[in-house]
Amino acid sequence: HLDLGFALILTRQYKEARIEVTKSMELDSSLIFNEVNMANLLYQEGKYDSMPAIDHGRAPPVTALFRLAGLLKKGDVAHARLLQDSLAAFLRAPQADEDGSRKAAFYAVTGKADSAFYWLNHMVDVKAGSVFLGGIPCMDFYSALYPDPRWDALLKRINAVRCQR
(Lines give C-alpha, C1' and ligand atoms only; values in the text may rest on other atoms or scores of the structure.)
Protein backbone atom coordinates (compact mmCIF):
# COMPACT_ATOMS: atom_id res chain seq x y z
CA HIS A 1 0.00 0.00 0.00
CA LEU A 2 2.90 2.34 0.79
CA ASP A 3 4.62 1.88 -2.58
CA LEU A 4 1.37 1.83 -4.54
CA GLY A 5 0.29 5.05 -2.84
CA PHE A 6 3.57 6.70 -3.85
CA ALA A 7 3.23 5.48 -7.46
CA LEU A 8 -0.34 6.78 -7.63
CA ILE A 9 0.77 10.17 -6.32
CA LEU A 10 3.47 10.37 -9.01
CA THR A 11 0.87 9.58 -11.67
CA ARG A 12 -1.51 12.17 -10.19
CA GLN A 13 -4.22 9.67 -9.33
CA TYR A 14 -4.93 11.38 -6.03
CA LYS A 15 -8.24 9.76 -5.11
CA GLU A 16 -6.74 6.27 -5.47
CA ALA A 17 -3.52 7.41 -3.78
CA ARG A 18 -5.45 8.62 -0.73
CA ILE A 19 -7.05 5.17 -0.38
CA GLU A 20 -3.68 3.40 -0.51
CA VAL A 21 -1.89 5.86 1.78
CA THR A 22 -4.71 5.60 4.30
CA LYS A 23 -4.61 1.78 4.16
CA SER A 24 -0.85 1.83 4.69
CA MET A 25 -1.25 4.14 7.68
CA GLU A 26 -3.93 1.88 9.16
CA LEU A 27 -1.75 -1.22 8.74
CA ASP A 28 1.40 0.29 10.26
CA SER A 29 1.23 3.81 11.64
CA SER A 30 4.91 3.63 12.64
CA LEU A 31 6.17 3.61 9.03
CA ILE A 32 7.71 7.06 8.62
CA PHE A 33 7.18 7.01 4.87
CA ASN A 34 3.43 7.02 5.44
CA GLU A 35 3.89 10.58 6.69
CA VAL A 36 6.00 11.41 3.63
CA ASN A 37 3.33 10.05 1.29
CA MET A 38 0.58 11.97 3.09
CA ALA A 39 2.59 15.22 2.99
CA ASN A 40 3.30 14.63 -0.71
CA LEU A 41 -0.38 13.94 -1.42
CA LEU A 42 -1.57 17.04 0.45
CA TYR A 43 1.05 19.13 -1.35
CA GLN A 44 0.03 17.78 -4.76
CA GLU A 45 -3.62 18.48 -4.00
CA GLY A 46 -2.79 22.04 -2.94
CA LYS A 47 -4.05 21.44 0.60
CA TYR A 48 -1.18 23.33 2.20
CA ASP A 49 -3.13 24.24 5.33
CA SER A 50 -3.80 20.57 6.02
CA MET A 51 -0.13 19.68 6.11
CA PRO A 52 1.02 18.80 9.62
CA ALA A 53 3.67 20.66 11.58
CA ILE A 54 7.03 18.94 11.30
CA ASP A 55 8.98 17.33 14.12
CA HIS A 56 12.57 16.84 12.93
CA GLY A 57 13.08 14.28 15.65
CA ARG A 58 10.53 11.91 14.15
CA ALA A 59 9.66 12.89 10.58
CA PRO A 60 12.09 12.41 7.72
CA PRO A 61 13.36 15.71 6.29
CA VAL A 62 11.49 15.18 3.02
CA THR A 63 8.22 15.66 4.93
CA ALA A 64 9.47 19.07 6.04
CA LEU A 65 10.42 19.86 2.45
CA PHE A 66 6.83 19.29 1.30
CA ARG A 67 5.64 21.55 4.12
CA LEU A 68 8.21 24.21 3.17
CA ALA A 69 7.23 24.03 -0.51
CA GLY A 70 3.57 24.31 0.49
CA LEU A 71 4.20 27.35 2.67
CA LEU A 72 6.13 29.03 -0.15
CA LYS A 73 3.38 28.31 -2.71
CA LYS A 74 0.81 29.62 -0.26
CA GLY A 75 2.85 32.80 0.21
CA ASP A 76 3.34 32.30 3.96
CA VAL A 77 6.84 33.78 3.96
CA ALA A 78 7.17 34.13 7.74
CA HIS A 79 6.43 30.49 8.54
CA ALA A 80 8.40 29.34 5.50
CA ARG A 81 11.45 31.26 6.73
CA LEU A 82 11.24 29.66 10.18
CA LEU A 83 10.95 26.18 8.72
CA GLN A 84 13.68 26.91 6.15
CA ASP A 85 16.09 28.03 8.89
CA SER A 86 15.24 25.01 11.03
CA LEU A 87 15.63 22.61 8.13
CA ALA A 88 18.92 24.18 7.02
CA ALA A 89 20.33 23.73 10.52
CA PHE A 90 19.13 20.13 10.58
CA LEU A 91 20.72 19.37 7.19
CA ARG A 92 24.09 20.71 8.34
CA ALA A 93 24.47 17.73 10.66
CA PRO A 94 26.86 15.18 9.07
CA GLN A 95 24.51 12.22 9.40
CA ALA A 96 21.45 14.13 8.16
CA ASP A 97 22.00 13.60 4.43
CA GLU A 98 24.42 10.89 3.37
CA ASP A 99 23.66 10.93 -0.36
CA GLY A 100 22.77 14.61 -0.80
CA SER A 101 19.16 13.97 -1.84
CA ARG A 102 17.65 16.07 0.92
CA LYS A 103 20.03 18.96 0.25
CA ALA A 104 19.26 18.79 -3.47
CA ALA A 105 15.53 19.06 -2.81
CA PHE A 106 16.02 21.76 -0.17
CA TYR A 107 18.02 23.95 -2.53
CA ALA A 108 15.57 23.36 -5.38
CA VAL A 109 12.61 24.35 -3.17
CA THR A 110 14.41 27.45 -1.89
CA GLY A 111 15.42 28.61 -5.39
CA LYS A 112 19.15 27.91 -5.23
CA ALA A 113 19.59 26.12 -8.56
CA ASP A 114 23.41 25.92 -8.54
CA SER A 115 23.44 24.20 -5.16
CA ALA A 116 20.52 21.96 -6.15
CA PHE A 117 22.34 20.75 -9.26
CA TYR A 118 25.54 20.21 -7.29
CA TRP A 119 23.73 17.90 -4.85
CA LEU A 120 21.65 16.20 -7.55
CA ASN A 121 24.84 15.28 -9.40
CA HIS A 122 26.44 14.17 -6.15
CA MET A 123 23.42 11.97 -5.49
CA VAL A 124 23.72 10.40 -8.95
CA ASP A 125 27.40 9.68 -8.28
CA VAL A 126 26.64 8.07 -4.93
CA LYS A 127 23.53 6.15 -5.96
CA ALA A 128 24.41 5.22 -9.55
CA GLY A 129 22.14 2.45 -10.72
CA SER A 130 19.55 2.93 -7.98
CA VAL A 131 15.92 2.51 -8.96
CA PHE A 132 15.06 5.48 -6.75
CA LEU A 133 16.78 7.91 -9.07
CA GLY A 134 14.05 7.36 -11.64
CA GLY A 135 11.63 9.25 -9.38
CA ILE A 136 13.66 12.46 -9.48
CA PRO A 137 12.12 13.81 -12.70
CA CYS A 138 8.61 13.37 -11.29
CA MET A 139 9.10 15.17 -8.00
CA ASP A 140 7.56 18.64 -7.94
CA PHE A 141 10.45 19.78 -5.75
CA TYR A 142 12.47 20.10 -8.94
CA SER A 143 9.90 21.73 -11.25
CA ALA A 144 11.68 25.11 -11.09
CA LEU A 145 14.81 23.41 -12.44
CA TYR A 146 13.15 21.95 -15.57
CA PRO A 147 13.88 24.93 -17.87
CA ASP A 148 17.59 24.86 -16.96
CA PRO A 149 19.74 23.00 -19.56
CA ARG A 150 21.47 21.22 -16.69
CA TRP A 151 18.20 19.38 -16.04
CA ASP A 152 18.33 17.48 -19.33
CA ALA A 153 22.00 16.68 -18.74
CA LEU A 154 21.10 15.28 -15.32
CA LEU A 155 18.31 13.15 -16.78
CA LYS A 156 20.74 11.71 -19.31
CA ARG A 157 23.11 10.82 -16.48
CA ILE A 158 20.40 8.81 -14.74
CA ASN A 159 18.89 7.49 -17.97
CA ALA A 160 15.53 8.99 -17.09
CA VAL A 161 12.87 10.80 -19.07
CA ARG A 162 10.85 13.83 -18.17
CA CYS A 163 7.54 13.24 -16.49
CA GLN A 164 4.63 13.92 -18.76
CA ARG A 165 2.34 16.29 -16.91
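**Entry 1: α5 and α6.** I looked up the crossing of α5 with α6 and found it left-handed (the near helix is turned anticlockwise from the far one by less than a right angle; clockwise would be right-handed). I noted that this is a predicted model, where local features need pLDDT of at least 70, side-chain atom pairs count only at pLDDT 80 or more, and totals for chains, interfaces and linings use all residues. Residues are numbered from 1 along each chain as its sequence is written, and side-chain values use heavy atoms, with hydrogens and water left out.

Which residues of α5 and α6 make the contact? On the α5 side I listed Q84, L87, A88 and L91, and on the α6 side R102, K103 and F106. Contact here means heavy atoms within 4.5 Å. I sorted the residues of this contact into four nonpolar, one polar and two charged. For that sorting, Ala, Val, Leu, Ile, Met, Phe, Trp, Tyr, Cys and Pro are nonpolar, Asp, Glu, Lys and Arg are charged, and the others, Gly among them, are polar.

Next I checked the geometry: the axes of α5 (residues 77-91) and α6 (residues 101-109) come within 11 Å and cross at roughly 155°. Axes are lines fitted to C-alpha atoms, for helices over the stretch in contact, and angles run from 0 to 180 degrees between N-to-C directions. The two helices α5 and α6 are therefore roughly antiparallel (over 145 degrees; under 35 is roughly parallel, 65 to 115 roughly perpendicular, and the rest oblique).

**Entry 2: how covered is α6?** I found seven of the nine residues of α6 buried (under 20% relative accessible area; over 50% is exposed and in between is partly exposed, with a 1.4 Å probe and protein chains only). They are S101, K103, A104, A105, F106, A108 and V109. The buried residues of α6 pack against α4, α5 and α7 (113-126). Just after α6, I spotted G111 with a positive phi of about 80°.

**Entry 3: α3 and α4.** I turned to another pair and read an angle of about 15° between α3 and α4, with their axes 8 Å apart. That makes α3 roughly parallel to α4. Their contact is made by E35, V36, A39, N40 and Y43 of α3 and V62, T63, F66, A69, G70 and K73 of α4. I counted six nonpolar, three polar and two charged residues in the contact of α3 with α4. The crossing of α3 and α4 is left-handed.

**Entry 4: aromatic rings.** How many aromatic pairs does the structure hold? I found eight (rings of Phe, Tyr and Trp, its six-membered ring, with centres within 6.5 Å; planes under 30 degrees apart are stacked, over 60 edge-to-face, and the rest tilted). The rings of Y43 and F66 have centres 5.8 Å apart and planes at 50°, so this pair is tilted. Y43 sits in α3 (residues 32-44) and F66 in α4 (residues 61-74), 23 residues apart, so the pair links distant parts of the chain. Y43 is buried at 6% relative accessible area, and F66 is buried at 2%. Ring pairs join Y43, Y48, F66, F141, Y142, Y146 and W151 into a cluster.

**Entry 5: the whole chain.** Last, I noted eight helices and zero strands (DSSP runs, H or I of at least four residues for helices and E of at least two for strands, numbered from the N terminus). Of the 165 residues in the protein, 45% are buried.
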